[in-house]
Amino acid sequence: MNMYKNVSLLYIAGFVFSGVIILLSTCVSTGGGKTPPWVANIETVYPRDTYIAQRGYGSDRQSAEMEGIAAISRFFTSEVSNATGSRQVFIERDGESTVSSEVSSETLVNTQTKLFAIHFAAPWFNKETGEWETIAYIDRDEAWEIFEPNLRQRADNFRNLCQIALSDNEVFNKILIYSSAMNSAEDLLIAFEFARTLHPLKAGAYKDIQTTLSKLPSEIAQLKLHSMIFIECPTDLEGTVYAAFSDILSKSGFPISNKQGNAAYIVTIGISENEQILQSGIFYSPTLEVTIAGTGGSVFSYGTTFQRIGASSAAVAKRRAYTAIADMVRNSFPIELEKGVRK
């Protein structure tokens, strides 16, 4: 097998991650000479445990090489999509906990079009078919050295979050941190499956990621079941703001109690209406302060101030103000909870 004499850089659309580099090695053509051994059997030259190898065909040498690159890209996409698509991944977004059985790698396939290490066998002209043939291949050990730091960073971030949650004695904090870890689960799972496709043996060092991901949903659910919440909102309009908080927390898996004495955590919602009566109408510039506290004190808090909201009618102005508060809560409260993990 001829070694390569020149190295060039080329982008390909393949399923790969940040920081990965494609080195395209050129080679001397064999023309229509002696048939290379890989024509009959790729495994004799590129054994599967050492290489990822795909055939490329084309009307000229460059076309054959490009088809080989495309075949490798399709191989990764197919393997990772099939693996992740068959798994159930727990994702928590917008205050709702769901289980997705159709985790697609398409987004990362489209957005992570980076450079990876690919080599070629010397192109061979098949006189019978009138086509050039080559083998595009990846040396698994070589590629792993390039790809593994990316996976390690993702995995370390996930492991660190889980360790922080495990060592935190405050249950509510555990829930927030574990949930934050789960929010990164989809990309991490795809990265892990890519690693298993690239180098099954060395990817075994990250097997704990898959194990932890499978256990976290039930762990989070159990923690929430034992974290009953009581909501107090003394200033409200027909329970509008109370309902917004109650919906988000209950959909997220927290049981809501009607009695403060039964609750592990109390959500205190403070609203200042800041009413102004002007000749042009009635105006409100409300402020919202939210605190979540357990037996050990406050575990979460945030606040915001709204721009002036008004109408010529006092009743309409007030309803507009409280509707604006409730809408903001539904849109931003889950995000603020996630931010709370990083404070």
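**Ground rules.** I note that this is a predicted model, in which local features need pLDDT of at least 70 and side-chain atom pairs count only at pLDDT 80 or more, while totals for chains, interfaces and linings use all residues. Residues are numbered from 1 along each chain as its sequence is written, and side-chain values use heavy atoms, with hydrogens and water left out.

**Aromatic rings.** I searched the whole structure for aromatic pairs and found 15; rings of Phe, Tyr and Trp (its six-membered ring) pair if their centres lie within 6.5 Å, and planes under 30 degrees apart count as stacked, over 60 as edge-to-face and the rest as tilted. Y51 and Y137 form an edge-to-face pair, with 5.3 Å from centre to centre and 90° between the planes. Because Y51 lies in strand β3 (residues 51-58) and Y137 in strand β8 (residues 131-139), the pair ties together parts that are 86 residues apart in sequence. Y137 is buried, with a relative accessible area of 6%. I also looked up the aromatic cluster formed by F75, F76, W144, F147, F194 and Y206.

**Charges over rings.** Here I required NZ of Lys or CZ of Arg to be within 6 Å of the ring centre and within 35 degrees of the ring normal. R61 lies over the face of W132 at 5.4 Å from the ring centre, and the charged end of R308 sits over the ring of F283, 4.3 Å from its centre.

**Strands around F283.** I followed F283 into the strand pairing, where two strands pair if DSSP finds at least two bridges between them. F283 has G310 in β16 as its bridge partner, and β13 pairs with strand β16 (residues 309-311) in the antiparallel sense over three bridges. Strand β13 (residues 281-284) is also joined by four bridges to strand β12 (residues 275-278), again antiparallel. These two strands form a hairpin with two residues between them, and L278 stands opposite G281 in β13.

**The five-stranded sheet.** Which strands make up the open sheet, and in what order? I read the order as β10-β9-β11-β14-β15, with mixed pairing. Its edge strands, β10 (256-257) and β15 (297-305), each pair on one side only. Strand β14 (residues 287-294) runs antiparallel to β15 and is joined to it by eight bridges, with G294 opposite G297 in β15. Helix α4 (residues 171-183) packs on this sheet, touching β9 (229-232), β11 (265-272), β14 and β15, and its direction makes about 60° with that of β15. Helix α8 (residues 240-251) lies across β9, β10, β11, β14 and β15 and runs at about 165° to β9. Contact here means heavy atoms within 4.5 Å; axes are lines fitted to C-alpha atoms, for helices over the stretch in contact, with angles from 0 to 180 degrees between N-to-C directions.

**I175.** This residue of helix α4 counts as buried at 1% relative accessibility. Leaving aside neighbours within four places in sequence, I175 is in contact with L223, K224, S227 and F254. I175 and I220 are 45 residues apart in sequence and 6.0 Å apart in space, C-alpha to C-alpha.

**Nonpolar cores.** I took a core as a set of buried Ala, Val, Leu, Ile, Met, Phe, Trp, Tyr and Cys residues joined through side-chain atoms within 4.5 Å. Of the 68 residues in the largest one, F172, L288, V329 and F333 touch the most other members, and the largest share, nine residues, comes from helix α5 (residues 185-198). Apart from this core lies another, of nine residues, among them I42, Y51, A53 and A121. Beyond its neighbours within four places in sequence, V329 is in contact with A244, F245, I248, L288, Y302 and P334.

**E336.** I found E336 in helix α9 (residues 314-342), where E336 counts as buried at 17% relative accessibility. With neighbours within four places in sequence left aside, E336 is in contact with F300 and Y302.

**S59.** Is S59 buried or exposed? S59, in the loop between β3 and α1 (61-85), counts as exposed at 60% relative accessibility. S59 and T129 are 70 residues apart in sequence and 9.9 Å apart in space, C-alpha to C-alpha.

How values were computed
Buried < 20%, exposed > 50% of the residue type's maximum accessible area, 1.4 Å probe, protein only.
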